Amino acid sequence: MPAGELRYPSPPPTNSTTTVDDEAGLVWAQIKTEAKRDAESEPALASYLYSTILSHSSLERSLAFHLGNKLCSSTLLSTLLYDLFLNTFTSDPCLRAAAVADLRAARVRDPACVSFSHCLLNYKGFLACQAHRVAHKLWTQSRRPLALALHSRVSDVFAVDIHPAAKIGKGVLFDHATGVVIGETAVVGNNVSILHHVTLGGTGKATGDRHPKIGDGVLIGAGATILGNVKIGEGAKIGAGSVVLIDVPPRTTAVGNPARLVGGKEKPAKHEECPGESMDHTSFISEWSDYII
């Protein structure tokens, strides 16, 4: 692959549907164990945990039930949404594999994530991402009115606005997630971590392919804004509050408004770790400035 070229999201590499289901089965067994433990230790949650997790036979059934209840309205019934989510998850092993990868991402990267069941039930970034995957599937099937209706409900309920045409990889963490906006032609790679109030938007003038392309393993800090059809290279890091309007090379750090590369444009400092997985937000500070309080 040429230097700086982005790898776009692709279906999870699996040998068979059985492999995907085995992986999901392991995570699901752990989720049920956690839910049983929590129901015993906190009886006030026993009924809730039974209806959302313990009464279901698989992760996709539990997820479909939970999303249906979260996103329903007086005119968009939970039973309709349950059938929609369940049919989509069960018919597409890629979506099931992505959900498991997203659960693992939250559990590993976020020290506040105490269990898989906690993420499944309470992480709105995870839930918004899974609902988006279904909306995107509908969009590709030319069921666009339903995709847009689902997108609207996700935005209303979770305060996460991802256009159903946007392409999202697997192993993605939307940490806190409030205020995340991702435009129609944006692409987000695999193993990416995005903090709250991040915008992947257009410049306001362009039409067609006009939104950012985020490579694998990228970390985007809270409040960062990336505008236009720009490429954020694999393993790059975007500092909190930065405004990015041009391409960022792989394995580099961009900070500030407007964003500048740590180490300079000609010979930017490069890191070896994958920031989207390490979640290292601040190690560049000593190289970037003489920041002192």
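Which residues touch the most other members of the largest nonpolar core? Hi everyone, let's start there. They are Phe85, Ile182, Ile220 and Ile232, in a core of 78 residues. By nonpolar core I mean buried Ala, Val, Leu, Ile, Met, Phe, Trp, Tyr and Cys residues joined through side-chain atoms within 4.5 Å; buried is under 20% relative accessible area, with a 1.4 Å probe and protein chains only.

A quick word on the model: it is predicted, with local features needing pLDDT of at least 70 and side-chain atom pairs pLDDT 80 or more, while totals for chains, interfaces and linings use all residues. Residues are numbered from 1 along each chain as its sequence is written, and side-chain values use heavy atoms, leaving out hydrogens and water.

Helix 7, residues 124-140, gives the most to it, with 9 residues. Helices here are DSSP runs of H or I, at least four residues, and strands are E runs of at least two, numbered from the N terminus. Because 13 of its 17 residues are buried, helix 7 is largely enclosed by the rest of the structure. Just after this helix, Ser142 takes a positive phi of about 65°.

Phe85 is in contact (heavy atoms within 4.5 Å) with Ala131 and Val134, among others, leaving aside neighbours within four places in sequence.

Now the open sheet: 4 strands, ordered 2-5-8-11, with parallel pairing; a pair needs at least two DSSP bridges. Strands 2 (167-168) and 11 (231-232) stand at the edges with a single partner each, so one side of each has no neighbour in the sheet. And Ile232 comes back here, as the bridge partner of Ile214.

Technical notes: Buried < 20%, exposed > 50% of the residue type's maximum accessible area, 1.4 Å probe, protein only.
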